[in-house]
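User: I would like to go through the labels given to this model and see what each one rests on. Please set the values against the cut-offs.

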Amino acid sequence: MTTPLTLRPISAPEHREFIAGRSSASFLQTPAWASVKADWKPESIGWFRDGDLVGVGLVLYRQLPKVRRYLAYLPEGPVIEWAGDDLEEWLAPMVAHLKREGAFAVRMGPPVVTRRWSAAQVKAGIADESVRRLGDVPPHERSQEGACVIAQLHELGWQQQTGEGGFTAGQPQFNFQVPLVDEAGEPRTEADVLAGMNQLWRRNIKKADKAGVEVSLGERADLKAFHDLYVHTAERDHFTPRPLSYFETMYDALAAEDPDRIQLWLARHEGDLVAATIAIRVGTHAWYSYGASSTEKREVRGSNAVQWAMIRHALAGGAHVYDLRGITETLDADDPHVGLIQFKVGTGGEAVEYAGEWDLPINRAIYKAFQVYLARRG
């Protein structure tokens with residue numbers, strides 16, 4: 001008979017060592033991420049079996065206004081064994097602990113894939129006037145593990161979240177990823193990855209090279225230049241930029257945990273900064289996290305050049321996945337978000353659906369009031 005799991009708070013070094021021993025985990029579940037989210041109260045928790053640490057989670061507590069009750073949030077986590085038919089064994093001790101800590105509800109994002117679509121399927125969906133959403137397109141892969149996780153969460157009383165709440169800044173359910181290993185797990189070559197891209201991407205990479213675009217790794221001192229370009233991008237594309245201090249905190253926290261955890265990439269043309277990005281790496285998973293580009297000199301294709309440099313760096317470093325992060329589910333050609341999807345689809349990767357974010361109300365009255373509060377804010 002298997003020894004029951006126990007759960008208790010753990011130290012940041014214990015948490016960090018466990019993550020380092022796994023092939024991959026979300027950077028949002030590293031202990032360093034707690035320093036980035038300064039307006040949340042962090043806690044590292046660990047699952048133990050027979051004295052051995054077998055799972056970890058970064059919990060971020062957000063206090064409700066005027067009440068000492070918290071939303072306990074585990075973004076893209078926890079880092080546990082999701083495969084199997086007894087999730088309750090893992091989740092019950094976590095919920096009991098968070099309830100003792102004053103949580104009125106728990107929100108988590110199981111890092112479990114449910115469906116995948118090829119770049120060709122996404123492209124065809126955008127071109128088809130009868131298709132409005134990614135879910136309208138039959139996927140090329142459905143995950144049995146993902147289906148099992150979702151079925152168990154429903155049985156255990158968890159509620160899947162579909163709206164976007166500013167209170168939690170929820171993580172994307174749909175992402176676009178470029179596999180860097182083949183089906184046998186062998187590393188792909190640069191030539192193979194490049195051949196998988198569409199003609200426009202390959203042409204733009206060549207155009208940037210011919211124009212003399214130079215891509216280099218930046219340092220912390222270059223964050224100001226990145227941020228200036230990022231603010232310019234925000235004004236052009238109509239989104240609210242984060243302050244420079246946010247990126248300085250992120251850089252310092254992640255670099256302190258692992259010098260290879262975060263990289264700043266800069267693409268210059270004749271001395272002018274034309275594109276800049278931030279990449280994050282945990283184990284075999286590499287993410288494109290933030291990007292910025294100039295309105296001037298768009299013809300030199302700095303954005304394609306910097307992405308290709310990041311992909312090559314991830315390949316050379318042994319990464320299995322290059323993750324371009326979130327896309328919306330819309331495939332409506334008239335939707336303004338489709339341009340970003342088309343840019344990512346050009347890499348020749350695949351659209352990946354995760355299980356999404358799930359809530360478990362602990363105090364239903366407070367949770368209901370919380371939902372009303374979110375609706376009013378939204």
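**Labels and their grounds**

Analyst: In this predicted model, the axes of helix H7 (residues 199–211) and helix H10 come within 8 Å and cross at roughly 100 degrees.

User: Why are H7 and H10 called roughly perpendicular to each other?

Analyst: Angles of 65 to 115 degrees count as roughly perpendicular. The axes cross at roughly 100 degrees, and H7 and H10 are therefore roughly perpendicular to each other.

User: Which residues in H7 and H10 meet?

Analyst: On the H7 side they are Trp201, Asn204, Ile205 and Ala208, and on the H10 side Asn304, Ala305, Gln307 and Trp308. By class, this contact has five nonpolar residues, three polar ones and no charged ones.

User: What makes the tyrosine 230 and tyrosine 290 pair edge-to-face?

Analyst: Ring centres must lie within 6.5 Å to pair, and planes over 60 degrees apart count as edge-to-face. For tyrosine 230 and tyrosine 290 the values are 6.2 Å centre to centre and 85 degrees between the planes, so the pair meets both cut-offs.

User: Why is this pair said to tie together parts that are 60 residues apart in sequence?

Analyst: Tyrosine 230 lies in helix H8 (residues 223–237) and tyrosine 290 in strand E13 (residues 285–293), so the pair links parts 60 residues apart in sequence. Both tyrosine 230 and tyrosine 290 are buried.

User: How do you know that the rings of tyrosine 246 and phenylalanine 247 are edge-to-face?

Analyst: Their centres are 5.7 Å apart and their planes are at 90 degrees, so this pair is edge-to-face.

User: Why is tyrosine 246 called buried, and why phenylalanine 247?

Analyst: Buried means under 20% relative accessible area. Tyrosine 246 has 11%, so tyrosine 246 is buried. Phenylalanine 247 has 1%, so phenylalanine 247 is buried.

User: How many residues has the largest nonpolar core, and which have the most contacts inside it?

Analyst: The largest nonpolar core has 42 residues, and Val122, Leu180, Val193 and Tyr322 have the most contacts inside it. Helix H10 (residues 302–316) gives the most to this core, with eight residues. Apart from this core lies another, of 39 residues, including Phe226, Leu254, Ala276 and Ile278.

User: What does tyrosine 322 touch, not counting residues up to four places away in sequence?

Analyst: Among the residues that tyrosine 322 touches are Phe176, Leu180, Tyr288, Gln307, Met310 and Ile311.

Notes:
Residues are numbered from 1 along each chain as its sequence is written. This is a predicted model: local features need pLDDT of at least 70, side-chain atom pairs count only at pLDDT 80 or more; totals for chains, interfaces and linings use all residues. Side-chain values use heavy atoms; hydrogens and water are left out. A nonpolar core is a set of buried Ala, Val, Leu, Ile, Met, Phe, Trp, Tyr and Cys residues joined through side-chain atoms within 4.5 Å. Buried means under 20% relative accessible area, exposed over 50%, partly exposed in between (1.4 Å probe, protein chains only). Helices (H or I, at least four residues) and strands (E, at least two) are DSSP runs, numbered from the N terminus. Contact means heavy atoms within 4.5 Å. Axes are lines fitted to C-alpha atoms, for helices over the stretch in contact, and angles run from 0 to 180 degrees between N-to-C directions. Angles under 35 degrees count as roughly parallel, over 145 as roughly antiparallel, 65 to 115 as roughly perpendicular and the rest as oblique. Ala, Val, Leu, Ile, Met, Phe, Trp, Tyr, Cys and Pro count as nonpolar, Asp, Glu, Lys and Arg as charged, and the others, Gly among them, as polar. Rings of Phe, Tyr and Trp (its six-membered ring) pair if their centres lie within 6.5 Å; planes under 30 degrees apart count as stacked, over 60 as edge-to-face and the rest as tilted.
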